[in-house]
Amino acid sequence: MPRDYALEFTRNIGIMAHIDAGKTTTTERILYYTGKLYRMGEVHEGAATMDWMEQEQERGITITSAATTAYWKDYRLNIIDTPGHVDFTAEVERSLRVLDGAVSVFCAKGGVEPQSETVWRQANRYKVPRIAYINKMDTTGADFYHCIDMMKKRLNANPVPLQIPIGAESTFAGIIDLVKFKAYYYMDDLGNNIEERDIPENMLELATDYRIRLIESVCDEDENLMEKYLEGETVSDEEIKKAIRIGTIKLMITPVICGSSYKNKGVQKLLDAVTDYLPSPIDVHAIEGVDMNDHSKVITKPADDDDSFSALAFKIMSDPYVGKICFFRVYSGTLNTGSYVLNATKNKKERIGRILMMHSNSRTDIDKVYSGDIACAVGLKFTVTGDTLCDAKDPVILESMQFPEPVISISVEAKDKANQEKMTSALQKLSDEDPTFKYKTDSDTGQMIISGMGELHLDILVDRMRREFQVDATKGRPQVTYKETITKPMRGESKFVRQTGGHGQYGHVVLDIEPAKQGDGFTFTDKTVGGAIPKVYIPAVEKGIKESLGNGIKAGYPIV
C-alpha cells in the first residue's frame with residue numbers, strides 16, 4: 001500500500017514554550033482549523049483535547065507531551081504538544097529529539113521567559129529549525145516589538161518578522177503580511193471570516209520598513225535574490241518564501257509571526273508558515289548511528305522508504321487496557337504490523353503486535369508506517385525510552401537522548417501491606433515512562449525514596465499512583481542518616497586489669513587513629529614489632545574497633 005502523503009508534504013513539529021504562553025490553546029485551534037475537531041476545547045475549562053489526563057484538566061497545565069496528526073491543505077502534520085513547566089522538561093527533551101521543526105510560542109506580554117530560554121537551548125542542541133509565534137496579542141501589556149528585542153538579547157536569535165500586528169491589546173484587529181504586503185482583518189469571533197485589504201495609511205511606512213528588513217535578512221541565503229534586490233528589480237513573493245525557507249532550515253533566521261490563539265486570530269497563517277518554512281524529513285540532515293558491533297563505524301540512515309527499517313523509541317506510556325505503548329519515530333524504511341524488529345540497544349528481538357496512530361489519548365489501528373512517520377507500537381517487552389528499533393539484517397544504534405538527573409527527593413509509604421505490593425509495581429511502570437523519575441529503598445532507613453525534577457513533578461506522580469494504580473500512599477520527608485567521622489589524628493591508651501586469684505587477666509592497648517581520604521573507608525594497621533604481642537590477639541583488637549564504629553561517641557551515629 002503506497003503512502004498517502006509524500007515525504008516532502010510531511011511536517012513533524014512540536015509546540016514549545018514557557019508556562020501559560022498558550023501552547024495547548026494554539027494546538028486546539030490548529031486541530032479545529034484542520035478539521036480534526038468540530039468544537040474548540042478551552043484549557044481553563046478542562047476541555048482541551050490534548051490535555052487528556054485528569055490532573056491536566058484539573059490544574060489547567062500540560063503534564064505529558066501528547067501527539068496527534070492533522071492535515072492542512074496538501075500537507076500532513078504530526079504535532080506534539082509539550083509541557084511548559086520545568087518539572088516536565090524531559091517531555092520537551094525527548095520530543096525535540098525526534099522532531100524536524102518546532103513552533104516556539106511566546107506571550108506578547110511576558111516575552112522571553114525562563115522556560116522559553118530552556119526549551120530554546122534544547123532546540124539548539126538538537127539543531128531543530130523553528131518559527132516564533134508571538135501569542136496573546138490581545139492581552140493588556142502586549143508588545144510585539146519588545147518580544148523581538150528580547151529574542152535578540154536573551155536567546156541570541158536572529159528573529160525576522162514575517163508579519164506585524166494591526167493594533168495591540170483590545171484594539172488588536174488583524175495582521176500585516178510582509179511577504180504578500182497585504183493587511184488581513186478578522187471579521188468574526190471564530191476566525192473563519194478573514195478579509196484581505198490594502199495596508200492602512202497610518203501603518204504603510206512601518207510595514208515598508210519591515211518588508212525591506214525582511215528582504216535584506218533573507219538575501220544572504222539566495223544570491224539571485226540579492227542581485228535582483230540590489231539592481232532594483234521586483235522580487236516575487238515565491239522568491240522571498242524560498243529564501244525564508246532556506247534560512248530557516250539552515251538555522252540562520254527565525255521567522256516571527258503573531259496572533260491571538262484564544263481569540264482565533266492568526267492560527268491559519270501559523271499553519272501556512274509551518275508548511276511553507278519548516279522542513280520535511282528529507283530537508284534535514286540524515287540521522288547518523290553506529291554499527292551495533294563496531295561503535296567506531298558511523299552509519300547514515302536517509303529518510304527513504306526503500307532503505308532498511310530504523311526508528312527511535314522516544315516515549316513509553318502505560319495503558320490499563322493494552323499494556324505498554326511505545327511511541328517511536330521512523331527514520332528510514334517501513335514497518336508492518338506483526339513483524340519482528342531488533343532492539344539494537346539491548347540486542348533483543350521484539351514483535352510489533354499492533355501499530356497505532358495516536359490522537360491525544362485516543363488511537364486508531366494502522367497496518368503500516370513509513371519513513372518520517374511518528375506512531376506507537378504495542379507488544380514491545382524490552383524497549384525503553386532512547387532505544388533503537390531496526391531491521392535485524394541491518395542493525396544500527398541511533399543517537400539517544402540525555403536526561404537531567406533528579407533534583408529533589410521525598411519518601412513514600414504505603415498504607416498497608418496490600419498497597420506495598422502494588423506500589424512497587426506502580427513505581428516501576430512510572431519509572432519506565434519517565435526517565436527523570438527514580439526510586440530506591442534507603443538501605444539505612446528502610447524508606448522508599450522517590451526522586452524527580454521538582455515538587456510538582458512528584459506530587460503528580462504520587463497522585464497518578466493513587467488514580468491509575470489504586471495505590472494509597474503517604475508522602476513525607478526522607479530521614480537524614482547522619483554519620484560521624486574523625487577530624488584529626490589522636491592517640492588512645494587503655495589498660496585492662498582483672499585479678500581474681502591465680503595469674504589474673506591483663507591487657508594494654510595503644511591505638512592511634514587518624515582521618516583517611518573521603519571514600520577510603522576503614523583500614524587497620526598492626527605496628528607491633530618483635531612479637532611483643534602474640535599475633536593471635538591482633539584480630540580481636542581489629543574486631544573490637546570495627547564493632548565500635550557502629551556507635552559514635554558524639555551522638556551514637558555510625559563512624560565513617
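Colleague: Before we start, what pLDDT do local features need?

Modeller: Residues are numbered from 1 along each chain as its sequence is written, and side-chain values use heavy atoms, with hydrogens and water left out. This is a predicted model, so to speak of side-chain atom pairs takes pLDDT 80 or more, totals for chains, interfaces and linings use all residues, and local features need pLDDT of at least 70.

Colleague: Which strands are the edge strands of the open sheet?

Modeller: Seven strands make up this sheet, with mixed pairing, in the order S2-S3-S1-S4-S5-S11-S6. Strands here are DSSP runs of E, at least two residues, and helices are runs of H or I, at least four, numbered from the N terminus; two strands pair if DSSP finds at least two bridges between them. An edge strand pairs on one side only, and that holds for S2 (66-72) and S6 (159-161).

Colleague: Which residue in S11 stands opposite Pro-161?

Modeller: S6 and strand S11 (residues 254-258) run parallel and are joined by three bridges. Opposite Pro-161, you'll find Val-256.

Colleague: How many residues apart are Arg-329 and Asp-100?

Modeller: These two form a salt bridge, with their closest N and O atoms 3.2 Å apart; the term means a side-chain nitrogen of Lys or Arg within 4 Å of a carboxyl oxygen of Asp or Glu. Arg-329 sits in strand S15 (residues 323-332), while Asp-100 is in the loop between helix H3 (89-98) and strand S4 (101-107). So the pair links distant parts of the chain, 229 residues apart.

Colleague: Which residues are linked in a network of salt bridges?

Modeller: The whole structure holds 20 salt bridges. Some of them come as a network, which links Lys-301, Asp-307 and Asp-394.
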